[in-house]
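Subject: Structure handover

Hello,

Please find the structure below. My notes on what was found in it follow.

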Amino acid sequence: MRTRKRTPDRLETGLRLGCGGLFGLLLGVVALGRFAFRVGVPTLAYVGIPVLVVVCALAAWRLGDDFYHRWSDGEFMLPTRWTLTALGAALLALVLWMWWRNGGS
């Protein structure tokens with residue numbers, strides 16, 4: 001999966017996390033933010049954008065340059081099953097919180 005066998009140093013790790021987080025922020029604001037405010041559920045943006053920032057930062061940290069190559073090639077896959085599990089758990093928690101906040105109706 002990685003193009004290099006060595007582990008990244010502190011500078012490269014910081015760059016990967018920072019650039020991945022910025023990419024997630026841009027993606028979240030453009031896609032998720034506009035959708036959330038269009039349908040009138042700003043909580044979706046307030047919770048979804050930070051989750052997307054963390055997921056993209058971790059994916060960029062784990063995959064390195066392959067993270068961006070997969071996006072540009074149109075074949076992006078999340079790195080491991082735990083990422084899908086974390087996204088599913090966050091989505092379920094958001095749905096349950098919104099249901100509880102609206103009085104269970």
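The lining of the largest pocket has 9 nonpolar residues, 1 polar residue and no charged ones (Ala, Val, Leu, Ile, Met, Phe, Trp, Tyr, Cys and Pro count as nonpolar, Asp, Glu, Lys and Arg as charged, and the others, Gly among them, as polar). This is a predicted model: local features need pLDDT of at least 70, side-chain atom pairs count only at pLDDT 80 or more, and totals for chains, interfaces and linings use all residues. Residues are numbered from 1 along each chain as its sequence is written, and side-chain values use heavy atoms, with hydrogens and water left out.

The residues that line this pocket are Leu32, Leu44, Val47, Gly48, Val51, Leu52, Leu87, Ala90, Leu91 and Leu94. A pocket here is an open set of points on a 1 Å grid over the protein atoms alone, where a 1.4 Å probe fits, with protein on both sides within 12 Å along at least five of seven lines; lining residues have an atom within 4 Å of a point. The volume of the largest pocket is about 200 Å³, taken as the space filled by probe spheres set on the points, which are joined across faces, edges and corners.

α2 (42-63) and α4 (81-101) each supply at least two lining residues, and α2 gives the most, with 5. The protein chain has 4 helices and 0 strands (DSSP runs, H or I of at least four residues for helices and E of at least two for strands, numbered from the N terminus).

Of the 105 residues in the protein chain, 27% are buried (under 20% relative accessible area, 1.4 Å probe, protein chains only).

Regards

Conventions: Buried < 20%, exposed > 50% of the residue type's maximum accessible area, 1.4 Å probe, protein only.
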